[in-house]
Amino acid sequence: MRVTDDYLRAYYLRPEVHPVEESDDAERELHASLMEEPRRRVSQRELDAIEDPDARDNYRLVLRFRDRLIQAGTVEGCYLGLFRGAVDIAPLFVEQMAHVILRNILDGCDDPLRLRAAECLFRDQKATIQEGHALVADLETVEMHAAGNRYGSIGRLIVEAGALGKVDLDVLDRPNAALYWQRESRYDTVISLTYGRPALDALGRVLEMWVKHFRGIGVRVKPIRKIEEARWAWHIGLDAESTAILNELWAGAEVDQGRMQRILALFALEFEDPRAMRADIAGRTIYLALSATEEGAVRMKPQNLLTSLPLNEA
């Protein structure tokens, strides 16, 4: 997706940057000039002229992100380029790029479960185990409900929100998946990542599409109950917790049961064409894991799937 001037203007219109009543002339002039010419160079003198230190910092953050977008030329190029060195932009921008990329990848998708599962790639989730199901709900929504800021219809299942209280949200499954179309921008539905549930399979399809879009190669991502291989060839943690757990298991270390129970989902990834893999492990299965933190937060890092695939350099 090519970076357009209007895409850049959308960031200048965010409340963190848009002038307010208290804004000084320097801030207003800078904002007006950027709306007129979104790609123009901004000097340090112009930033220093803004009296409000918070406004100056916000402009620095947005302009650093803008410059990366312009240099890359595409949203995908900017996203992938971030992880080849130190990530020096705000996490919010990373999540928003993943969001818009997925919106493009899934354009025309008519499977609500796949669309809901895709939210896990750009919005933090809250996990809980209830009656044998690994349920995930949008973390921000759970916290809003738990704080008393409830909105939307009340579902039939309860997602535990730690010590904050109980939150009632609708759990999507195949029979009621159409609910998503009425509420796709509210982030107030729950899915089960339990093995055998359709939402977990839907997440696997999203991961396949994510790899295909960026890398141009076909992979199959299948949910599994456990890793059967005693000495597997390769693994990728889809979050920081999973990366640590899989690294320890592969090295032969003992991982206590409490940490093991944080693993919400396991996948087996296979390349459609083994020749696209590193020659020394061509044809072998790649294992993926998604876990929750000790506090129950699920913070997926979909970039891991792009940067850690064992690709043939040719």
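This is a predicted model: local features need pLDDT of at least 70, side-chain atom pairs count only at pLDDT 80 or more; totals for chains, interfaces and linings use all residues.

Colleague: What volume does the largest pocket have?

Modeller: About 510 Å³. A pocket here is found on a 1 Å grid over the protein atoms alone, as an open set of points where a 1.4 Å probe fits, with protein on both sides within 12 Å along at least five of seven lines. The volume is the space filled by probe spheres set on the points, which are joined across faces, edges and corners.

Colleague: Which residues lie nearest its centre?

Modeller: Arg225, Met260, Ile263, Leu264 and Leu266, out of 22 lining residues. Lining residues have an atom within 4 Å of a point.

Colleague: And which strand gives the most to that lining?

Modeller: Strand 8, with four residues. Strand 8 covers 263-271, and strand 2 (133-138), helix 11 (240-250) and helix 12 (257-260) also supply at least two residues each. Helices (H or I, at least four residues) and strands (E, at least two) are DSSP runs, numbered from the N terminus.

Colleague: How does the lining divide by residue class?

Modeller: Into 15 nonpolar, five polar and two charged residues. Ala, Val, Leu, Ile, Met, Phe, Trp, Tyr, Cys and Pro count as nonpolar, Asp, Glu, Lys and Arg as charged, and the others, Gly among them, as polar.

Colleague: What about the second largest pocket, what is its volume?

Modeller: About 400 Å³. Its lining has 25 residues, with Glu95, Arg299, Met300, Lys301 and Gln303 nearest the centre. By class there are 15 nonpolar, three polar and seven charged residues. Helix 6 gives the most, with four residues.

Colleague: Back to strand 8. Is it largely enclosed or open?

Modeller: Eight of its nine residues are buried, so strand 8 is largely enclosed by the rest of the structure. Buried means under 20% relative accessible area, exposed over 50%, and partly exposed in between, with a 1.4 Å probe and protein chains only.

Colleague: Which strands does it pair with?

Modeller: Strand 6 (residues 219-224) runs antiparallel to strand 8, with six bridges joining them. Strand 9 (residues 286-291) is also antiparallel to strand 8, again over six bridges. Two strands pair if DSSP finds at least two bridges between them.

Colleague: Pick a residue in strand 8.

Modeller: Ala265 is in strand 8 and is buried, at 3% relative accessible area. Beyond neighbours within four places in sequence, Ala265 is in contact (heavy atoms within 4.5 Å) with Leu193, Leu200, Leu288, Ala289 and Leu290.

Colleague: How many residues are in the largest nonpolar core?

Modeller: The largest nonpolar core has 80, and those with the most contacts inside it are Tyr79, Met97, Trp210, Leu288 and Leu305. Helix 10 (residues 198-215) gives the most to this core, with nine residues. Such a core is a set of buried Ala, Val, Leu, Ile, Met, Phe, Trp, Tyr and Cys residues joined through side-chain atoms within 4.5 Å.

Note on methods: Residues are numbered from 1 along each chain as its sequence is written. Side-chain values use heavy atoms; hydrogens and water are left out.
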